[in-house]
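Hi,

Here is the structure I promised to pass on.

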Number of protein chains: 2
Amino acid sequence: MEFLKEIIQKEGKIIDNKLVKVDSFLNHQIDPNLIYKMGEEFKNHFLGKEVTKILTIEASGIPIGLTTAYEFKVPLVFAKKNKPGTMSNYYTTKVKSFTKGVEYDICVSKEFINKGDKIIVIDDFLAMGAAAFGLKDIIEQGGAELVGIGIAIEKGFQDGGRILREQGIDLKSLAIIEKFENGKVTFRD
Amino acid sequence: MEFLKEIIQKEGKIIDNKLVKVDSFLNHQIDPNLIYKMGEEFKNHFLGKEVTKILTIEASGIPIGLTTAYEFKVPLVFAKKNKPGTMSNYYTTKVKSFTKGVEYDICVSKEFINKGDKIIVIDDFLAMGAAAFGLKDIIEQGGAELVGIGIAIEKGFQDGGRILREQGIDLKSLAIIEKFENGKVTFRD
C-alpha cells in the first residue's frame with residue numbers, strides 16, 4: 001500500500017534503528033482517511049472469501065478492525081486485555097508483548113465466537129506474531145475458522161510473518177519493513 | 001437517535017436494574033453500521049462548528065471517535081490508560097471509574113494537543129462524567145478549546161450530564177437512559 005509506506009517514511013520516527021514510532025497517524029493520533037483506506041485494502045485482498053466476523057485486540061487494532069468490518073458488513077469483535085467484571089464465560093489465552101516485555105491474558109466472550117464463524121484477524125503491527133497467534137488460538141477454542149490475517153505494518157526482520165506464512169495462512173501486510181538504515185525505512189517489495 | 005434506542009432495547013442486557021450491558025454491539029462486539037451512523041449524527045449535531053481534532057479514550061471510545069473524526073476530516077486522538085515507554089512528554093490526569101471501582105492515570109502526548117486546537121470529546125458512556133472531566137482537563141492543559149462532547153449512551157440518572165450542561169458545555173448524548181424498570185430501559189425524550 002504505497003500511501004501507507006509514504007506516510008511511514010514521512011511521519012514515522014525511527015528509534016534506536018529497531019522501532020518505528022507511528023503515533024502521529026496510526027496508534028495514538030489517528031488519520032481516519034488512512035484507516036478507511038486500509039479497510040478497503042483488506043476488503044480487496046480477501047475479496048470473494050466468506051467472512052462472518054473480524055477479530056482484533058484492543059486498543060490499536062480497533063480502528064482498522066472497524067473499517068474492515070464495515071467493508072465486509074460483518075461485526076467487529078475486539079479481544080480485551082482486562083476481563084470486565086460482567087464477563088463470565090470467555091475464551092482466554094496468554095500473549096507476550098516482546099516490545100513491552102510483559103505477558104497478559106486476553107479474553108473474548110464465548111457469545112461472540114461460534115462454531116461456523118469465518119474470521120479475519122486484523123492488527124496494527126506484526127513482529128514475533130504473539131498477538132496473531134493468541135487470536136488464532138481463541139478462534140480455534142471457539143471452533144471457528146481463521147480465514148486470514150490483515151496487518152498494517154509487518155516487521156519483516158522478525159519471525160512472526162514467516163512462521164504464519166509457512167503455516168499456509170493467508171497473511172496480508174500493507175507494509176513490510178525489511179530494515180532500518182541510516183534513519184530510513186526500507187520496505188520489502 | 002431512534003436506531004440506537006431500538007438496539008439498546010433489543011440487545012442490551014440489564015443487570016441488577018442499574019447497568020445495561022451493550023457488549024453485543026457497542027463495546028466488545030461492535031456493529032460497524034451503527035458506529036458509522038453515530039459519526040454522522042455527531043457531525044450533524046456539531047455542524048458549522050470549527051473542529052480541528054476529536055479526542056476520546058481507549059478502548060471503547062475509539063470506534064465512535066474514528067467515525068466522527070472521519071466525518072469532520074480531522075485526526076482522532078485517543079488518551080491512553082497506560083503510558084507507552086516511548087512517550088516522554090505528555091499531559092496526564094486522574095480518572096476514577098465508578099463502575100469498575102478503580103482510579104487510573106490517562107495520558108496524551110503533548111505533540112497532539114496544541115494551543116488553538118478546537119476539540120470535540122467523544123465517548124461511549126457518560127455516568128458520573130469522570131472520563132469527560134479528565135479529557136476536558138487534558139484539553140485545558142494543552143491550551144486548547146473544548147467545542148463540545150458527544151456521548152453514545154448517557155445514564156441520565158447519574159450526575160455527569162447535568163453538571164456538564166450546567167457548565168454551559170454543548171453535550172450531545174445519542175440516547176439518555178432515564179431509568180431501568182422491570183427489565184426495560186426508559187429513555188428521556
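A word on the ground rules. This is a predicted model, where local features need pLDDT of at least 70, side-chain atom pairs count only at pLDDT 80 or more, and totals for chains, interfaces and linings use all residues. Residues are numbered from 1 along each chain as its sequence is written, chains are lettered from A and ligands numbered from 1 in the order in which they are written, and side-chain values use heavy atoms, with hydrogens and water left out.

**Chain A as a whole**

Chain A has 5 helices and 11 strands. Both are DSSP runs numbered from the N terminus: helices are H or I with at least four residues, strands are E with at least two. The C-alpha trace of chain A spans about 50 × 35 × 35 Å along its principal axes. Its radius of gyration is 16 Å, which agrees with the value near 16 Å for a compact globule of 189 residues. (That radius is taken over C-alpha atoms, and the globule rule is 2.2 Å times the number of residues to the power 0.38.)

Of the 189 residues in chain A, 56% are buried. Buried means under 20% relative accessible area, exposed means over 50%, and partly exposed is in between, with a 1.4 Å probe and protein chains only. The accessible surface of chain A is about 8100 Å², and carbon and sulfur atoms account for 45% of that. These areas come from the Shrake-Rupley method with a 1.4 Å probe; for residues, only the protein chains shown count as cover.

If you take the contacts in chain A between residues at least 6 apart in sequence, 60% of them join residues at least 24 apart. Contact here means heavy atoms within 4.5 Å. As for charge, chain A has 27 positive and 27 negative charges, and their mean positions are 2 Å apart. Lys and Arg count as positive, Asp and Glu as negative, while His and the chain ends are not counted; each charge is placed at NZ of Lys, CZ of Arg, CG of Asp or CD of Glu.

**Cysteines**

The disulfide count over all chains is 0, taking a disulfide as a pair of cysteine sulfur atoms within 2.5 Å. Cys107(A) is buried, at 3% relative accessible area, and Cys107(B) is buried too, also at 3%.

**Buried spots in chain B**

Leu164(B) sits in helix H5 (residues 160-166) and is buried, with a relative accessible area of 0%. Beyond its neighbours within four places in sequence, Leu164(B) contacts Leu126(B), Ala132(B), Phe133(B), Ile149(B), Ile169(B) and Leu171(B).

Phe42(B) belongs to helix H2 (residues 32-45), and its relative accessible area is 0%, so it counts as buried. Its contacts, not counting residues up to four places away in sequence, include Ile64(B), Phe72(B), Ile122(B), Ile151(B) and Leu174(B).

Asp23(B) is in the loop between strand S2 (19-21) and strand S3 (29-30) of chain B. At 8% relative accessible area, Asp23(B) is buried. Leaving aside neighbours within four places, Asp23(B) touches Glu111(A) and Phe112(A) in chain A, along with Lys13(B), His28(B) and Gln29(B).

Most residues other than glycine have a negative phi, and most peptide bonds are trans. Against that background, a cis peptide bond joins Glu58(A) and Ala59(A), with omega about -5°. Glu58(B) and Ala59(B) are joined by a cis bond as well, again with omega about -5°. Ala59(A) lies in the loop between strand S4 (53-57) and helix H3 (61-72) of chain A.

Asn17(A) has a positive phi, near 55°. It is in the loop between strands S1 (13-15) and S2 (19-21) of chain A and is partly exposed, at 44%. Asn182(B) has a positive phi near 50° and is exposed, at 72%; its loop runs between strands S10 (171-181) and S11 (184-187) of chain B.

Finally, Gly183(A) is in the loop between strands S10 (171-181) and S11 (184-187) of chain A and is partly exposed, at 48%. Leaving aside neighbours within four places in sequence, Gly183(A) contacts Ile14(A) and Asn17(A).

Cheers
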